[in-house]
Number of protein chains: 2
Amino acid sequence: MTDFTSHLTGPLPPAHPQGFAVAKRISASTIRRLSFYLRSLERLRARGATTVSSEQLAEDGGTTGAQVRKDLSQFGSFGKRGTGYDVGALSEHLRGILGLHRRWRVLLVGAGRIGAALFEYPNFSQRGYDCVAIVDNDPDKVGRRWGTIPIQSADRMECIIEAEDIDLVILAVPGEVAQSVAERAVSAGALGLMNFAPTQLRRPATDVPVAEVNLVMELEALSFAIMRGGRPA
Amino acid sequence: MTDFTSHLTGPLPPAHPQGFAVAKRISASTIRRLSFYLRSLERLRARGATTVSSEQLAEDGGTTGAQVRKDLSQFGSFGKRGTGYDVGALSEHLRGILGLHRRWRVLLVGAGRIGAALFEYPNFSQRGYDCVAIVDNDPDKVGRRWGTIPIQSADRMECIIEAEDIDLVILAVPGEVAQSVAERAVSAGALGLMNFAPTQLRRPATDVPVAEVNLVMELEALSFAIMRGGRPA
DNA sequence: TCCTGTGAAACGGTTCACAGCC
DNA sequence: GGCTGTGAACCGTTTCACAGGA
């Protein structure tokens, strides 16, 4: 199984201001897998399972028991030898690690098709990500509402980020403006960005994590994979 | 710079049927970078540059000259010592490597919000990915048209894949049905899948590459990164 | 001199194997 | 006996450093 890599370009190592033991660097792949384990656990819980072994958790994630144990061991000892992990307790631990014990306030920049799709995406609010504001630079769109949320002028972005206490900014804008919107968002105090423009952002001076969702790159990797060694036909 | 990984789970190593020298395995990160270099080259070309050094190419991609040279050297020797790479020639090489010298026929499964956003996404057809058919299982949608493309019944998927000679299938469907749609698409002859459902697909028996675009996972990785070592506030 | 192409070293993530606890 | 937690071995990727051609 090949695993093509991506996307989330994050901040430099934690470098704690005080001389505390610097938290061990956690690899990107570990985080993705944690997110996956959490989903598996939730399915298990729904089915009434109360306990699960590392091997079972690995099962439909395409990984191994050893990997699951290594991943989890970076955050603590959550299992019982001879028994496995408690489904409910482990879920809660993972939710805490992934930051799902709080809700996140999201600003959507760009009220086009992609913006609309994301705004309606039910999994976001289920998981604690609330779109609390929308901006667009098209005067025809400004003033309309999506549900209860008004579309405001993109000029007001900085002020909205501060007033609404925005954590995350989703960039659903054309590639040409993505970089400048990103920089404005970061200076106004955004803690993280998710970029759908097909332009990889150059890191703004203030280093915040950026999740790059580059659909074209994804398709190119797909056609590459098909051409070499993919199904002969 | 952290680089969170993802997404494209591909076929097993090439294993050429004849006993040819098996093509060297190319890492997923290399492919992503190639895709990125291509975009940089196109910008350079638009600006009239005719030659570029590995260091310059690395510049706004957050990587190094050495990495660029290693990546490219896996496919051949495209540069001139003392000079650098010819912008036009290297672009063409990369386009060939990434499979952009042909067009790809795409079936969109799911005519909801996400489907609509992808259908309209201009970068797809610019890059050679043509959405030539749409299916949905909602009878209200079947029969409508998006541009010139009619939305057909999801029952007809297999038959469309064969008749329309579909290469890639984009799954913009709810998580619960993603797995079964994926399996049907693969048995009908799809060469690759792109999955937007927040469910990681278990590999169907017939192994085809799958690009997983898991937006929730992306957000979770983002909030994780913010919580550790992200901006203090 | 400048910049590529590439072996060799360094690094980091995954797998292995087993000691330790239930 | 079963399963976790973890040091050690392994392996792939990135970085280094330099030989060699324009």
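Q: Which residues of H4(A) are buried?
A: This is a predicted model: local features need pLDDT of at least 70, side-chain atom pairs count only at pLDDT 80 or more, and totals for chains, interfaces and linings use all residues. Residues are numbered from 1 along each chain as its sequence is written, chains are lettered from A and ligands numbered from 1 in the order written, and side-chain values use heavy atoms, without hydrogens and water. Buried means under 20% relative accessible area, with a 1.4 Å probe and protein chains only; helices (H or I, at least four residues) and strands (E, at least two) are DSSP runs, numbered from the N terminus. The buried residues of H4(A) are Val87(A), Gly88(A), Leu90(A), Ser91(A), Leu94(A), Ile97(A) and Leu98(A).

Q: How far apart are the end C-alpha atoms of H4(A)?
A: The expected span is 1.5 Å times one less than the number of residues. For the twelve residues of H4(A) that gives 16 Å, and the end C-alpha atoms agree, being apart by 16 Å.

Q: What is the strand order of the open sheet in chain A?
A: Two strands pair if DSSP finds at least two bridges between them. S2(A) and S4(A) pair in the antiparallel sense over two bridges. S2 and S3 of chain A stand at the edges, each with a single partner strand, so one side of each has no neighbour in the sheet. The order is S2-S4-S3.

Methods: Buried means under 20% relative accessible area, exposed over 50%, partly exposed in between (1.4 Å probe, protein chains only).
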